[in-house]
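User: I'm new to this one and would like to know where the labels come from. Could you take me through it?

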Amino acid sequence: MPQAEGAEPESAEARPSPLLTDPELPPSRSEDALSALSPKGLRTRQRLIDGARRAFEKSGSYADTRISDIVEETGCAYGTFYTYFDTKEQLFYELAVDVANEMYRENASRARAYGEDLVARIDSGLRQFLRSYREHAAILMIIDQAAALYPDFRGLRRRIRDVFVERNVANFERWSEDGWFDPAIDPVVAAHALVSMIDNFSYLWFVLGEPFEEEKALATLTRLWTNALAVPVTETVAD
């Protein structure tokens, strides 16, 4: 789900971000409700989200992680939990959005220094995405678990993926208009196919533990992307 070129990252203080707002997804607390919280309330709420992440990652299971595990991890009382979240599902939704936003910000604005060298941009974007996926692999695995087990989370999982597809569609359309790669390639289909490739490859590597040699894997992925887009290779990608 990399972006070869992105916009400026959003403020890290914006919680929750509208990045994944979708009326078909599970409801989260409204912006009005959040704005009514005191600074201490916002910190407590974020403490619960951070503690939930640790609890989910420790158990390795969405289904087996209980509210009692979350409050124990944070040192909060049950009553405090229900002050900020109605259910475990609601908190997990907020956590998944936080993780997706972190990855989106981490992948933004990483390739501007490379100018019009698309090979370098693609290589930089892939490297950053893989670093980000590795850091978040434990919780991404649980997001996939929840989506497989519970239909209500499937829309969320798809939306997380779609924000990266949409960024790449915008890039590919611009590059195609500028004549930087084969105009016969459909940007939407290409974005879906290439995002699927890197998403599944990352899962195989960082969740299932396939032992790839890092530089060889990165060089190969970059070459596969540039070949798929028919980008003229003017720079030598590291072997």
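Analyst: Happy to, starting with a term we'll need: a residue is buried under 20% relative accessible area, exposed over 50%, and partly exposed in between. Bear in mind that this is a predicted model.

User: What makes Glu166 count as partly exposed?

Analyst: Its relative accessibility is 42%. That value falls between the 20% and 50% cut-offs, so partly exposed is the label.

User: Why is the contact of Glu166 and Arg159 called a salt bridge?

Analyst: The rule asks for a side-chain nitrogen of Lys or Arg within 4 Å of a carboxyl oxygen of Asp or Glu. Here the N to O distance is 2.9 Å, so the pair passes. Arg159, for its part, is buried, with a relative accessible area of 15%.

User: How many salt bridges does that rule give?

Analyst: The count comes to 13. In general, side chains of opposite charge can pair when their charged atoms come close.

User: What makes Lys58 and Glu73 a link between separate parts?

Analyst: First, the bridge itself: their side chains meet at 2.9 Å, N to O. Lys58 sits in helix H2 (residues 39-59) and Glu73 in helix H3 (residues 67-74), so the pair ties together parts that are 15 residues apart in sequence. Lys58 has a relative accessible area of 65%, so it is exposed. Glu73, at 23%, is partly exposed.

User: And how do you know that Asp144 and Arg157 form a salt bridge?

Analyst: Their side chains come to 2.4 Å, N to O, and the limit is 4 Å, so the label holds. Asp144 belongs to helix H6 (residues 118-149) and Arg157 to helix H7 (residues 154-177), so this bridge ties together parts that are 13 residues apart in sequence. Arg157 is buried at 17%, while Asp144 is partly exposed at 21%. The 20% cut-off lies between those two values, so the labels come out that way.

User: Which residues are linked in a network of salt bridges?

Analyst: Arg53, Glu57 and Glu102 are.

User: Let's step back. What is the secondary structure of the protein?

Analyst: It comes to nine helices and zero strands. As for burial, 49% of the 239 residues in the protein are buried.

User: What makes a group of residues a nonpolar core?

Analyst: The members have to be buried residues of the nonpolar kinds on the list, joined through side-chain atoms within 4.5 Å. The largest such core here has 61 residues, and Phe56, Phe81, Phe92, Phe172 and Leu229 touch the most other members. H6 gives the largest share, 13 residues. In soluble globular proteins, nonpolar side chains tend to be buried together.

User: What does Phe81 touch, leaving out residues up to four places away in sequence?

Analyst: Its contacts include Leu48, Ile67, Ile70 and Leu91.

User: How do H2 and H3 pack?

Analyst: Their angle is about 115°, with the axes 8 Å apart, and the crossing is right-handed. Among the residues making the contact are Leu48, Ala52 and Phe56 of H2 and Ile70 and Glu73 of H3. By class, the contact has five nonpolar, two polar and five charged residues.

User: Where is Ser61 found, and is it buried or exposed?

Analyst: Ser61 is in the loop between H2 and H3. Its relative accessible area is 11%, under the 20% cut-off, so Ser61 is buried. Leaving aside neighbours within four places in sequence, Ser61 is in contact with Phe56, Ile142 and Gln145.

User: What is the phi of Ala230?

Analyst: It is near 55°, a positive value in a residue other than glycine. Most residues other than glycine have a negative phi. Ala230 lies in the segment after helix H9 (214-229), and its relative accessible area of 38% makes it partly exposed.

User: And what does Ala230 touch, not counting residues up to four places away in sequence?

Analyst: Phe181, Asp182 and Ile185. Ala230 and Pro183 are 47 residues apart in sequence and 9.3 Å apart in space, C-alpha to C-alpha.

Terms used: Residues numbered from 1 in each chain as written. Predicted model: local features only at pLDDT ≥ 70, side-chain atom pairs only at ≥ 80, totals over all residues. Heavy atoms only, no water. Helix = DSSP H or I, 4+ residues; strand = E, 2+ residues; numbered from the N terminus. Buried < 20%, exposed > 50% of the residue type's maximum accessible area, 1.4 Å probe, protein only. Contact = heavy atoms within 4.5 Å. Axes fitted to C-alpha atoms, helices over the stretch in contact; angles between N-to-C directions. Left-handed = near helix turned anticlockwise from the far one by under 90°. Nonpolar A, V, L, I, M, F, W, Y, C, P; charged D, E, K, R; others polar.
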